[in-house]
Amino acid sequence: MYSEIAIELLQLLIVMFGSPLLVGVIRKAKARLQGRRGANILQPYADIRKLLLKEVVVSENTSWIFRFTPYLLATTMLLTALIVPVLTTRAALGFMGNIIALMYLFLLGMFFLALAGLDAGSAFGGMGSSREVALAALAEPTVLIAIFGIALRAGTTSLDGIITRFAAEPLLMLNAGHLLAFFALFIVALAENGRLPVDNPATHLELTMIHEAMILEYSGRLLALVEWAAGMKLFLFLTLLSNLFFPWGVALTNTPITIFTAFVALAVKLLLFAGAIALVETSVAKLRLFRVPELLAGSFTVALLAVVTVFFIR
């Protein structure tokens, strides 16, 4: 029991302190692909530290929701880190890790962030919140259906159970539905985390920004928590993609060797995904805003096809 709790804490620390590093690696890879030197991969740590030390300036028009939201975002991401199989399928809180609980946690953070964007009373905040909710209406069901498609093949909605089944029977993954679910979830991961071609986290273009518009009024430690939570969300989405669709290396037993192997395997898979995201963001331009729902609707259709193939392709 104590070893499982220790592993849960280890997974929590990996998500907390590994997420800024992941963001830094993606930025560095993009800079290299664009022929630039780029900032150090440790720069996100320095940015968070700088923001934590700065004064918080809050508009007098805001309510408790504005101040409460950054703490809620960080808390929901940390709770998600406890139930998502990061290193092992034998974690103490693994019984909570089903796709329904996961979606509720992601939706809770999105809901309060949209409220915080409206709470400040600025035009950009309201614009970003309305866009975020509209996109979430397509993105969140796609995540649910994509994971449900592979859950049908695994015979369980538990994230731990899905990984254990696919790790034990790798031939189950050699299926068109598995590939379709992966592509659908990858597209939604880009959209949910405000990456290109849906949003550009590196700019503040007034007419096109979504996530950045909701957090323009934040400063100091509140902005640090929001940015940190966004990094953890990206880390968790890529971890889900890595371990659900490529479960090699995930620890099925809690021994020091398997945990270390899982850590190395996760680092390699996240590094590959970081390179893939950098390549996508370097190769494609940002979509016009009214074309984004078409992209998400397409990913929803792909996820639905992944479910249909379960009944027609064995």
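Angles under 35 degrees count as roughly parallel, over 145 as roughly antiparallel, 65 to 115 as roughly perpendicular and the rest as oblique. This convention applies to the first view of the predicted model.

**Figure 1. Packing of helix α6 against helix α9 in the predicted model.** Helix α6 covers residues 159-168 and helix α9 covers residues 220-245. Their axes lie 8 Å apart and meet at an angle of about 40°. The two helices are therefore oblique to each other. On the α6 side, the contact is made by Leu 159, Ile 162, Ile 163 and Phe 166. Leu 240, Asn 243 and Leu 244 supply the α9 side. Sorted by class, this contact comprises 6 nonpolar residues, 1 polar residue and no charged residues.

**Figure 2. The second largest pocket and its lining.** The volume of this pocket is about 240 Å³. Its lining includes Ile 14, Gly 18, Leu 21, Leu 22 and Val 25. Two or more residues each come from α1 (2-33) and α10 (256-283). The largest contribution is that of α10, with 6 residues. By class, 11 lining residues are nonpolar, 1 is polar and none is charged.

**Figure 3. The cis peptide bond between Leu 196 and Pro 197.** Most peptide bonds are trans. The bond from Leu 196 to Pro 197 is cis, and its omega is near 10°. Pro 197 sits in the loop that runs between α7 (176-192) and α8 (211-214).

**Figure 4. The whole chain, for placing the close-up views.** The secondary structure consists of 11 helices and 0 strands. From the N terminus on, the order of elements is α-α-α-α-α-α-α-α-α-α-α. The radius of gyration is 19 Å, close to the 20 Å given by the globule rule for 314 residues, so the chain is as compact as a globular protein of that length. Taken along the principal axes, the C-alpha atoms fill a box of roughly 55 × 45 × 45 Å.

Terms used
Residues numbered from 1 in each chain as written. Predicted model: local features only at pLDDT ≥ 70, side-chain atom pairs only at ≥ 80, totals over all residues. Heavy atoms only, no water. Axes fitted to C-alpha atoms, helices over the stretch in contact; angles between N-to-C directions. Helix = DSSP H or I, 4+ residues; strand = E, 2+ residues; numbered from the N terminus. Contact = heavy atoms within 4.5 Å. Nonpolar A, V, L, I, M, F, W, Y, C, P; charged D, E, K, R; others polar. 1 Å grid on protein atoms, 1.4 Å probe; cavity = no way out; pocket = protein on both sides within 12 Å on 5 of 7 lines; lining within 4 Å. Points joined across faces, edges and corners; volume = space filled by probe spheres on them. Rg over C-alpha atoms; globule rule 2.2 N^0.38 Å.
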